[in-house]
There are 2 protein chains.
Amino acid sequence: VVIGPHLPQGLTTPATLVLADRLERNLTRMAAFAGESRIALRPHAKTHKCVEIARRQMELGALGLSVATVGEAEILARKRDSRAYTASEVTDVFVAYPLWADDELLRRLGRLADRVQVTVGADSAQAVERLAPIARDLRVMIEIDCGLARSGVTPAGVTVVAQAAERINLELSGVFTFPGHSYGPGAGAGAAEDEARVLAEAAEILVASGFRCEQRSGGSTPSARLVRPGTLTEIRPGVYVFNDAQQVELGVAAMDDVALMVASTVVSRPASDRFVLDAGSKVLGPDRMSWATGHGRLADWPHARVVGLWEHHAVVELQGRGPALGEIVAVVPNHVCTAVNLVADLLVVDGGSVVERWPVAARAANR
Amino acid sequence: VVIGPHLPQGLTTPATLVLADRLERNLTRMAAFAGESRIALRPHAKTHKCVEIARRQMELGALGLSVATVGEAEILARKRDSRAYTASEVTDVFVAYPLWADDELLRRLGRLADRVQVTVGADSAQAVERLAPIARDLRVMIEIDCGLARSGVTPAGVTVVAQAAERINLELSGVFTFPGHSYGPGAGAGAAEDEARVLAEAAEILVASGFRCEQRSGGSTPSARLVRPGTLTEIRPGVYVFNDAQQVELGVAAMDDVALMVASTVVSRPASDRFVLDAGSKVLGPDRMSWATGHGRLADWPHARVVGLWEHHAVVELQGRGPALGEIVAVVPNHVCTAVNLVADLLVVDGGSVVERWPVAARAANR
């Protein structure tokens with residue numbers, strides 16, 4: 001599938017585009033997988049940050065949203081004055097993060113819990129204790145580290161956190177983890193196994209200690225579809241809605257599954273095998289995993305590599321024929337979550353035209 | 001200088017702070033260097049994107065601003081309806097970029113040139129020719145590559161571009177380069193030499209071919225103060241206003257010269273030598289040069305290293321005593337230009353209080 005000739009006419013670049021048909025296909029595929037596997041789907045909204053996409057996820061059967069911050073939830077969840085309940089409204093959010101709630105965050109969480117069901121993450125007794133003033137309005141999930149060495153307790157550490165929740169009458173829903181070590185070539189299956197094993201261990205310890213543990217929540221885009229039925233109760237993939245160069249290079253998605261790309265103009269051609277695009281790190285994002293072949297990929301030029309990236313320059317190397325000076329090409333960012341967060345809105349393309357403009361409503365909602 | 005105890009009370013994190021005294025010192029130092037060296041200072045505004053800082057740079061004697069995009073110029077330059085001319089207004093902008101001007105950009109450049117002096121960059125005859133409809137309103141600088149292998153012609157390639165400018169009656173101001181290969185340990189001096197030599201070569205070729213070449217413009221923060229009098233006519237450093245972890249690790253700035261940092265809370269302490277901060281790549285920026293020791297630095301904990309960075313987690317390793325759960329620490333981003341572009345405004349701190357809030361006015365002005 002060649003993108004270039006089907007780009008809307010008159011685009012000014014750089015422009016961040018969403019291909020509507022591919023987005024819809026990605027959304028329905030993951031929803032179908034979750035349905036067939038009888039695992040609840042709670043998509044991570046930090047990837048898209050768009051009300052429009054959150055609503056479509058809900059329509060397709062998502063249980064609710066995962067978010068990284070209270071701010072994302074405030075923006076994407078059902079509003080207090082929302083009149084009619086519809087299937088597309090987000091009424092259940094999980095802040096999948098080890099929150100440290102100061103007074104301001106407590107007030108905001110309390111107000112949020114007035115309108116929707118709110119669950120927060122925690123990985124220490126101290127963090128749980130801070131939730132005491134609003135404990136009856138919330139639920140908590142305990143974060144377990146399944147191999148990423150980021151936040152989260154070991155399965156053995158789960159009891160201390162559960163006891164803190166019990167002391168303040170905070171309802172414990174279960175355990176969650178982020179198998180982020182799935183982000184490596186061939187690492188998805190092992191990470192999915194780690195995730196299932198570690199969540200099962202933690203759940204067992206909780207139950208043996210007299211606690212309830214109904215939820216086992218995991219799932220990243222590289223590992224989500226490797227989850228075996230019966231191991232997890234919910235998955236929280238985010239990137240799958242758009243995919244990106246990382247997913248392509250990991251073999252998780254094909255280039256034709258990539259639903260977001262940055263239209264970019266060839267502004268310089270200083271050598272026969274090198275050209276420069278006006279999409280730099282301020283629109284693509286500077287993310288580059290150690291195993292990535294470059295700073296993003298070109299949708300229509302599979303052999304091209306983005307060998308250098310500055311704020312407003314992407315330097316591309318390509319042997320043989322390439323795009324001409326002034327030509328517009330489609331660049332696939334390495335990490336789409338970062339790319340989305342850099343722009344005010346996304347141009348939705350359908351049938352070769354820009355049909356809508358979706359605000360990145362929760363852009364920079366880092367708190 | 002310990003920052004932590006002097007952070008304003010009641011900060012919600014992550015919060016991007018500017019330390020007013022350090023900013024002022026950085027601004028005056030570079031202005032003094034330029035004055036003493038008799039080199040014009042045309043600071044690059046892509047770093048700060050703030051009207052307030054642009055104005056202070058002008059008051060301190062800057063000739064005008066460098067910008068990366070027409071959008072940055074539109075936002076930061078003197079407005080058409082500006083009544084009183086003051087020394088702090090930006091009346092001269094250089095778009096230091098090889099612009100490819102389509103019709104929309106031509107219209108905008110034309111309108112911009114109605115209010116201020118506009119110079120644009122170019123590195124091909126084709127790019128110059130596109131400027132024909134507004135050629136009499138602009139000036140052009142030819143970009144030379146002095147070793148970065150990004151955009152820019154070789155000195156020998158300068159004549160073809162100059163001839164194109166002559167054909168369309170576009171005034172040629174001179175030549176410019178970005179010595180970006182100064183961004184490596186010990187590389188500043190060599191890059192400054194490359195820059196001076198290559199600009200001199202290009203200028204000589206232009207003059208020998210009958211063209212004028214009054215301006216030789218260069219300068220990055222690591223190389224700017226290594227420029228020898230008489231070699232360049234202007235420098236365009238950007239990062240020097242704030243500095244960042246890259247400049248500290250390159251030895252270009254001391255930690256006490258860093259004027260921008262992200263206040264961040266310790267949200268998790270999963271191991272005795274590891275803690276997690278709520279400042280991730282969506283506020284610090286994911287930039288990491290190959291030689292960087294981590295994903296940013298902690299202002300008060302010189303031995304700490306940010307060993308992992310995700311969108312909302314910075315994982316810090318530190319042997320021995322470190323900050324406690326819930327403590328707020330100051331994180332210095334690797335690359336400040338990216339960090340500034342991620343937030344809507346900067347909190348200006350003076351005497352331990354937030355005294356102002358400066359909008360990042362040209363945030364995401366990528367076009």
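Mentor: Let us begin with accessibility.

Trainee: Why is A:Arg25 called partly exposed?

Mentor: The relative accessibility of A:Arg25 is 33%, and the label follows because buried means under 20% relative accessible area, exposed means over 50%, and partly exposed lies in between (1.4 Å probe, protein chains only). Please bear in mind that this is a predicted model, in which local features need pLDDT of at least 70 and side-chain atom pairs count only at pLDDT 80 or more, while totals for chains, interfaces and linings use all residues. Residues are numbered from 1 along each chain as its sequence is written, chains are lettered from A and ligands numbered from 1 in the order in which they are written, and side-chain values use heavy atoms, with hydrogens and water left out.

Trainee: What makes A:Asp257 and A:Arg25 a salt bridge?

Mentor: A salt bridge requires a side-chain nitrogen of Lys or Arg within 4 Å of a carboxyl oxygen of Asp or Glu, and the closest N and O atoms of A:Asp257 and A:Arg25 are 3.4 Å apart, so the pair qualifies. A:Arg25 belongs to helix α1 (residues 20-37) of chain A and A:Asp257 to the loop between α9 (245-250) and β10 (260-271), so the bridge ties together parts that are 232 residues apart in sequence. Helices here are DSSP runs of H or I with at least four residues, strands are runs of E with at least two, and both are numbered from the N terminus. A:Asp257 itself has 11% relative accessibility and therefore counts as buried.

Trainee: How do you know that B:Arg357 and B:Asp345 form a salt bridge too?

Mentor: Their closest N and O atoms are 3.3 Å apart, and the two residues lie in strands β17 (residues 353-359) and β16 (residues 345-350) of chain B respectively, so the bridge ties together parts that are 12 residues apart in sequence. B:Arg357 is exposed at 55%, whereas B:Asp345, at 24%, is partly exposed. Elsewhere, salt bridges that share partners join A:Glu74, A:Asp102, A:Glu104, A:Arg108 and A:Arg367 into one network, and a search of the whole structure finds 43 salt bridges over all chains.

Trainee: What makes A:Ser281 buried?

Mentor: Its relative accessible area is 4%, and A:Ser281 sits in helix α10 (residues 281-284) of chain A. Beyond its neighbours within four places in sequence, A:Ser281 is in contact (heavy atoms within 4.5 Å) with residues including A:Pro286, A:Leu309 and A:Trp310.

Trainee: Why are β2 and β3 of chain B said to stand at the edges?

Mentor: An open sheet of 8 strands in chain B runs in the order β2-β9-β8-β7-β6-β5-β4-β3, with parallel pairing. β2 (40-41) and β3 (65-67) each have a single partner strand, so one side of each is left without a neighbour in the sheet. For β3(B), the pairing with strand β4 (residues 92-98) is parallel over 3 bridges, which meets the requirement because two strands pair if DSSP finds at least two bridges between them.
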